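Colleague: I have not looked at this one before. Can you put it up and walk me through it?

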Amino acid sequence: MISVFVDELEFDTIIGLLDFERVKTQKIRISMEFKAYEFIDYADVCKITQEEFNKQKFYKVEDALEYFSVKFKELYPTLEQLYMKRSEEHTSELQSRVSIS
């Protein structure tokens, strides 16, 4: 099994439940770990993650994890585990992990 790590990919996006969070972008950092039986391109994963965060405008990191577990499983069929951690300037760290079958 191959593990690929993305450590603190930083970008501006809209994420959050509150009205003011839905209007103004905020800087977030995403760390991810992928476990699969195939090559996962680090650069592609970073690009897809940032593009989809900006497109989907998730309410919660759990929503993002659910979305990306499906998205990345389609791209990488042997993906068995995806770990995602989000941190931002003014909130505590949020972590989620999902096993994919």
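Modeller: One detail to start with: the charged end of Arg22 sits over the ring of Tyr59, 3.9 Å from the ring centre. Keep in mind that this is a predicted model.

Colleague: Fine. How many helices and strands are in the protein chain?

Modeller: The protein chain has two helices and four strands. Along the sequence they follow the pattern β-β-α-α-β-β.

Colleague: What share of the 101 residues is buried?

Modeller: Buried residues account for 43% of the 101 in the protein chain.

Colleague: And the contacts, what share of those between residues at least 6 apart join residues at least 24 apart?

Modeller: That share is 59% in the protein chain.

Colleague: Let's go to the strands. In which sense do β1 and β2 pair?

Modeller: Strand β1, residues 2–13, pairs with β2 in the antiparallel sense, over 10 bridges. As a point to find in the picture, Val6 stands opposite Met32 in β2.

Colleague: How many residues of β2 are buried?

Modeller: Strand β2 covers residues 26–36, and eight of its 11 residues are buried, so the strand is largely enclosed by the rest of the structure.

Colleague: Now charges. How many salt bridges are there?

Modeller: The count comes to five salt bridges. In one of them, the side chains of Arg29 and Glu10 meet at 3.7 Å, N to O. That pair links distant parts of the chain, with Arg29 in strand β2 and Glu10 in strand β1, 19 residues apart.

Colleague: Is Glu10 buried or partly exposed?

Modeller: Glu10 is partly exposed, with a relative accessible area of 43%.

Colleague: What does Asp12 form a salt bridge with?

Modeller: Asp12 forms one with Lys27, and the closest N and O atoms are 3.6 Å apart. This pair also links distant parts of the chain: Asp12 is in strand β1 and Lys27 in strand β2, 15 residues apart. Asp12 is partly exposed at 39% relative accessible area, and Lys27 is partly exposed at 30%.

Colleague: And Lys35, which residue does its side chain meet in a salt bridge?

Modeller: Lys35 meets Glu33, at 3.7 Å from N to O. Lys35 counts as partly exposed at 26% relative accessibility, while Glu33 counts as buried at 13%.

Colleague: Which residues do shared partners join into one network?

Modeller: Salt bridges with shared partners join Glu8, Glu10, Asp12, Lys27 and Arg29 into one network.

Colleague: Is the phi of Glu8 positive or negative?

Modeller: Glu8 has a positive phi of about 55°, although it is not a glycine. Most residues other than glycine have a negative phi. Glu8 lies in strand β1 and is partly exposed at 43% relative accessibility.

Colleague: What about the phi of Lys57?

Modeller: Lys57 also has a positive phi, of about 50°, and is not a glycine. Lys57 lies in the loop between α1 and α2 and counts as partly exposed at 37% relative accessibility.

Colleague: Change of topic: which residues touch the most other members in the largest nonpolar core?

Modeller: Phe34, Phe53 and Phe72 do, out of 25 residues in that core. At least two core residues come from each of β1, β2, α1 (42–56), α2 (61–75) and β3 (81–88).

Colleague: What does Phe53 touch, leaving out residues up to four places away in sequence?

Modeller: Its contacts include Phe11, Ile28, Ile30, Phe58, Ala64 and Phe68.

Colleague: How many aromatic pairs does the structure hold?

Modeller: The structure holds nine aromatic pairs. For Phe58 and Tyr67 the ring centres are 5.5 Å apart and the planes are at 55°, so the pair is tilted. Phe58 counts as buried at 6% relative accessibility, whereas Tyr67 counts as partly exposed at 24%.

Colleague: Which residues form the aromatic cluster?

Modeller: Phe11, Phe34, Phe53, Phe58, Tyr67, Phe68, Phe72 and Tyr76 form one aromatic cluster.

Colleague: Last one: where does Gln50 lie?

Modeller: Gln50 lies in helix α1 and is partly exposed, with a relative accessible area of 31%. Gln50 and Thr13 are 37 residues apart in sequence, and their C-alpha atoms are 8.2 Å apart in space.

Methods: Residues are numbered from 1 along each chain as its sequence is written. This is a predicted model: local features need pLDDT of at least 70, side-chain atom pairs count only at pLDDT 80 or more; totals for chains, interfaces and linings use all residues. Side-chain values use heavy atoms; hydrogens and water are left out. Buried means under 20% relative accessible area, exposed over 50%, partly exposed in between (1.4 Å probe, protein chains only). Two strands pair if DSSP finds at least two bridges between them. A salt bridge is a side-chain nitrogen of Lys or Arg within 4 Å of a carboxyl oxygen of Asp or Glu. A nonpolar core is a set of buried Ala, Val, Leu, Ile, Met, Phe, Trp, Tyr and Cys residues joined through side-chain atoms within 4.5 Å. Contact means heavy atoms within 4.5 Å. Rings of Phe, Tyr and Trp (its six-membered ring) pair if their centres lie within 6.5 Å; planes under 30 degrees apart count as stacked, over 60 as edge-to-face and the rest as tilted. A charge sits over a ring if NZ of Lys or CZ of Arg is within 6 Å of the ring centre and within 35 degrees of the ring normal.
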